[in-house]
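Reader: I am new to this structure. Please take me through it in short questions and answers.

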Amino acid sequence: MIPDALSTALRKARHLVVFTGAGVSAESGIPTFRDALSGLWERFDPAELATPSAFRRDPALVWGWYEWRRMKVLQAQPNPAHRAIAALAERVEKLTLITQNVDDLHERAGSRDVIHLHGSLHAPRCFACGRPHAISEVPEEPAEGRCLEPPRCQRCNGKVRPGVVWFGEALPEAALRAAFKAAGECDVLLSIGTSGVVQPAASIPQLALQSGATVAHINPQPSGQGGAREFSLAGAAGVVLPELLGQLDAR
Ligand code: APR
């Protein structure tokens, strides 16, 4: 059930920000960060896999894990939540899509100019010189389900690293600046499928609220601070977002 006040705010909005996290891809079968450490990877700690020092210590282990995750994404399809977000862009004057996800499912659903705050699994680069590295669409199956030697940079022969933001690394400056600017200027922000614990991304909905926007959280878990102009839509993104779109189209 979508509150009338929210549909009204959406209908009037000149600038809508959609801010997504791992939950938006969950219905496509993409394991969240925690889930991704199950199965073959359950004995590892995120800090053993998602840091620059982990890559220095054991590049084949880290590259193998990310290639395994990239393979999962390549096998997955955008779900109704990704498609509803792409469709929302057709209904409002301006939509800025900010994601913490490193998959490309928003783009494959038709969204354009997606701001990837935490980088992308699909844009590896040299660990030494930073040169972007083209990788084949189909990853090599990680040997023994675990390690895979990273490819070498064609310019300096350095090891190629995943294009994601690791713990302890700064977020891409231009992306962060664009995200904060959009959050500070928008009329409505939808925060979808994020636990809101990893900073600085987690402060984006708060910034929108402080700037006077209406904020709606879409998550099966209780979310939001319960402020005025803040809504919590309890449910899966793939169910709630098509409903929201239907309601906008109904009037
Ligand atoms: N629809 C909507 N939300 C969902 C769904 C669903 N179908 N399934 C799960 N969720 C919610 C969960 O309740 C949880 O609040 O999605 C959220 C996922 O939380 P996290 O796994 O913490 O993902 P996220 O918030 O994107 O994490 C932020 O942390 O691990 C790092 O860099 C990584 O980008 C990631 C960042």
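Reader: How many Å separate the centres of domain 1 and domain 2?
Author: The model is predicted. Domain 1 covers 1–29 + 77–119 + 171–251 and domain 2 covers 31–75 + 125–161. Taken over C-alpha atoms, their centres are separated by 29 Å.

Reader: How many residues does the contact take from domain 1, and how many from domain 2?
Author: Each domain contributes residues to the contact. Domain 1 gives seven residues and domain 2 gives six residues.

Reader: What area do domain 1 and domain 2 bury between them?
Author: Carbon and sulfur atoms account for 57% of the buried area. On the side of domain 1 that touches domain 2, the residues are two nonpolar, two polar and three charged. The area buried between the two domains is about 450 Å².

Reader: How many residue pairs are in polar contact between domain 1 and domain 2?
Author: Across this interface there are zero salt bridges. For polar contact, with both residues at pLDDT 80 or more, the count is one residue pair.

Reader: How many disulfides are there?
Author: A disulfide is a covalent bond between the sulfur atoms of two cysteines. For Cys153, the nearest cysteine sulfur is that of Cys129, 3.8 Å away. The cut-off is 2.5 Å, and Cys153 is in no disulfide. The count for the model is zero disulfides.

Reader: Is Cys153 buried or exposed?
Author: The relative accessible area of Cys153 is 6%. Because buried means under 20%, Cys153 is buried.

Reader: Is Cys186 buried or exposed?
Author: The cut-off for buried is again under 20%. Cys186 has 4% relative accessibility, so Cys186 counts as buried.

Technical notes:
Residues numbered from 1 in each chain as written. Predicted model: local features only at pLDDT ≥ 70, side-chain atom pairs only at ≥ 80, totals over all residues. Heavy atoms only, no water. Domains from an automatic or database assignment. Contact = heavy atoms within 4.5 Å. Buried area = accessible area lost by both parts, 1.4 Å probe. Salt bridge = Lys/Arg side-chain N within 4 Å of Asp/Glu carboxyl O. Polar contact = N/O pair within 3.5 Å; in protein donor to acceptor, adjacent residues only side chain to side chain. Nonpolar A, V, L, I, M, F, W, Y, C, P; charged D, E, K, R; others polar. Buried < 20%, exposed > 50% of the residue type's maximum accessible area, 1.4 Å probe, protein only.
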